[in-house]
Amino acid sequence: MTEIIRLDGVERSYGQPAVLACAGVSLTIDQGELVAVVGPSGSGKSTLLNLIGTLDRPTAGSATIAGMDVQQMPDAELSALRSYRIGFVFQQFHLAEGVSALDIVADGMLYAGVPRAERRRRAGLALERVGLGHRTGHKPNQLSGGERQRVAIARAVVGDPVLLLADEPTGNLDSESGAAVVELLRELNSSGTTVVVITHDPELAAAFPRRIAVRDGRVVSDSRATEGAAGASEEEAA
Ligand code: ADP
């Protein structure tokens, strides 16, 4: 298995006196995994996801993401790594108002130097992939919450990232739209993308093959569903 995320004793402190939002996390995630990060509000989930997504650097320890040592990389290279290899989805969709779904998704590839027509072609395919092939001309205010989140997911995957990170992607959705978004993340994972999702919803997390529980900035459990027994017995890893 190719390792895509490796954290060794990662810490992230804020302020003075220092609050350790991430207090010494060591873990690895392999390519192709589907992982839920769970924990109560304030436990350090977003901090952890930001470190994994290279939006932030550890204040101690080391993070290797897609083979790159985050600590050693200049900002420009880190930002290139993010643009080309990592897709992000957030609770608050972050879609530009007044822009069509097609152009929002096409803009997800602006960094890549792909001509506009080709960006829009690929955006159309990505929207089809998330079940919105019939909504390409719609603007965010003409879409439901679930549809907006699917546009955000299409934008995150249009460049074919190896890693998709989602921070409470269902937090603003009703349960039906939320379930559809989770199903979509599962489908993307089945086609090869490594997916890490933050949630504070234990029910949602229960559907994931691997769950990493965080509390006070530390990993308190890392469990995998045993093969073939969805939701039944579990193995606890140290
Ligand atoms: P979660 O995502 O689980 O709700 P966070 O990672 O957002 O948790 O926050 C973990 C802890 O770090 C909290 O105590 C929070 O107040 C603190 N924290 C997060 N971001 C900052 C920041 N930019 N400045 C100061 N403290 C922060």
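**Pocket, cores and contacts in a predicted model**

H2 supplies four residues to the lining of the largest pocket, the most of any element. The model is predicted.

User: What is the volume of the largest pocket, and which residues are closest to its centre?
Analyst: The largest pocket has a volume of about 260 Å³. Its lining counts 14 residues. The closest to the centre are Ser83, Ile86, Gly87, Gly108 and Arg155.

User: Which elements give two or more residues to the lining of the largest pocket?
Analyst: H2 gives the most, with four residues. The elements that give two or more are helix H2 (75-85), strand E6 (86-90) and H5.

User: How many aromatic pairs does the structure hold, and which residues form them?
Analyst: The structure holds one aromatic pair.

User: Is Phe88 buried or exposed?
Analyst: Buried means under 20% relative accessible area. Phe88 has 18% relative accessibility, so Phe88 is buried.

User: Is Phe90 buried or partly exposed?
Analyst: The cut-off for buried is under 20%, and for exposed over 50%. The relative accessible area of Phe90 is 28%. Phe90 falls in between, so Phe90 is partly exposed.

User: Where is Asp103, and is Asp103 buried or exposed?
Analyst: Asp103 sits in helix H3 (residues 101-107). Its relative accessible area is 17%. Buried means under 20%, so Asp103 is buried.

User: Which side chain makes a polar contact with the side chain of Asp103?
Analyst: Not counting residues up to four places away in sequence, Asp103 touches Arg116 and Arg120. The polar contact between side chains spans 2.9 Å. The partner of Asp103 in it is Arg120.

User: Which residues touch the most other members of the largest nonpolar core?
Analyst: This core has 40 residues. Those touching the most other members are Val105, Leu127, Val151, Ile153 and Leu164.

User: Which element gives the largest share of this core?
Analyst: Elements that give two or more residues include strand E3 (34-38), H3, helix H4 (116-129) and helix H5 (145-157). The largest share is six residues. That share comes from H5.

User: How many residues are in the other core?
Analyst: Another core lies apart from the largest one. Among its members are Ile5, Ile29, Leu48 and Val162. Its size is 30 residues.

How values were computed. Residues numbered from 1 in each chain as written. Predicted model: local features only at pLDDT ≥ 70, side-chain atom pairs only at ≥ 80, totals over all residues. Heavy atoms only, no water. Buried < 20%, exposed > 50% of the residue type's maximum accessible area, 1.4 Å probe, protein only. Polar contact = N/O pair within 3.5 Å; in protein donor to acceptor, adjacent residues only side chain to side chain. Contact = heavy atoms within 4.5 Å. Phe/Tyr/Trp six-rings, centres within 6.5 Å; stacked < 30°, edge-to-face > 60°. Core = buried A, V, L, I, M, F, W, Y, C linked by side-chain atoms within 4.5 Å. 1 Å grid on protein atoms, 1.4 Å probe; cavity = no way out; pocket = protein on both sides within 12 Å on 5 of 7 lines; lining within 4 Å. Points joined across faces, edges and corners; volume = space filled by probe spheres on them.
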